[in-house]
Amino acid sequence: MKNYAAQQEFILSQITNKYYQRRDFSRCDLRGIDLKGIDLSGVNFIGADLRDANLCGCILTRANLSGANLMQANLREANLYEASLCEANLINADLTRANLCGTFLWRAKFTGSNLWGASLCDVDLREADLSEAKLIEASLIEANLVRANLTGAKLCGAKLLEANLTEANLTGADLTWANLTKANLNKANLWETNLIYAKLGDTIMPDGTIEQPQIVIY
């Protein structure tokens, strides 16, 4: 290709051309590409460079983004249902109100990313790095967060019902008003964690004890 812009335009045409829709973009250089609102379901982006890419509103259901570099990418309101992002780099990415339900995020890096209001029900976030991430009002129902790093994460009002946080690091995390009903915090690190007004009914605490639900008498 004559230049980078021409290469990006050529790749975009391969994705959007209804007569020739290329589905494999593994390890391609897609930095800064604008794919806003495009249906990319099932596309292979393994190891692709998608730094600063605009994927706002994209349909990425069951897409494979394992090992992809999505640093500072725009994924606002994107649909990533059952997609694979194992070991992907999502540092400082914007995933506001994105749908990540059933997504595979083992060892993914979300440091400083924005997941405000995102749906993360039944996700695999084992050993993921969510330090300093914004998970305010996010839904993490039945999420697997075993050994996840949530140091300094903002989880105000997050729904963590039946989430598995075994051995997770929640040092300095803000869980104000979070719902941890039936969550498993066995061996989790809660050093300086803010649990003010958090709901802890039937929650397994770090020492293995079970926090009884509060009974409010009016």
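Which residues does D124 touch, not counting residues up to four places away in sequence?

## Surroundings of D124

D124 touches T103, F104, L105, W106 and N144 when residues up to four places away in sequence are not counted; a contact means heavy atoms within 4.5 Å. The side chain of D124 also makes a polar contact, at 2.8 Å, with the side chain of R126. A polar contact is a pair of N or O atoms within 3.5 Å; within protein, one must be able to donate a hydrogen and the other to accept it, and residues adjacent in sequence count only if both atoms are side-chain atoms.

D124 lies in the loop between α1 (4-16) and β1 (203-204). With a relative accessible area of 14%, D124 is buried (under 20% relative accessible area, 1.4 Å probe, protein chains only).

## Basis of the model

The model is predicted: local features need pLDDT of at least 70, side-chain atom pairs count only at pLDDT 80 or more, and totals for chains, interfaces and linings use all residues. Residues are numbered from 1 along each chain as its sequence is written, and side-chain values use heavy atoms, with hydrogens and water left out.

## Whole chain

The protein has 1 helix and 2 strands, in the order α-β-β from the N terminus. These elements are DSSP runs: helices are H or I with at least four residues, strands E with at least two.

Of the 218 residues in the protein, 45% are buried. The C-alpha trace spans about 70 × 30 × 20 Å along its principal axes.

Conventions
Buried means under 20% relative accessible area, exposed over 50%, partly exposed in between (1.4 Å probe, protein chains only).
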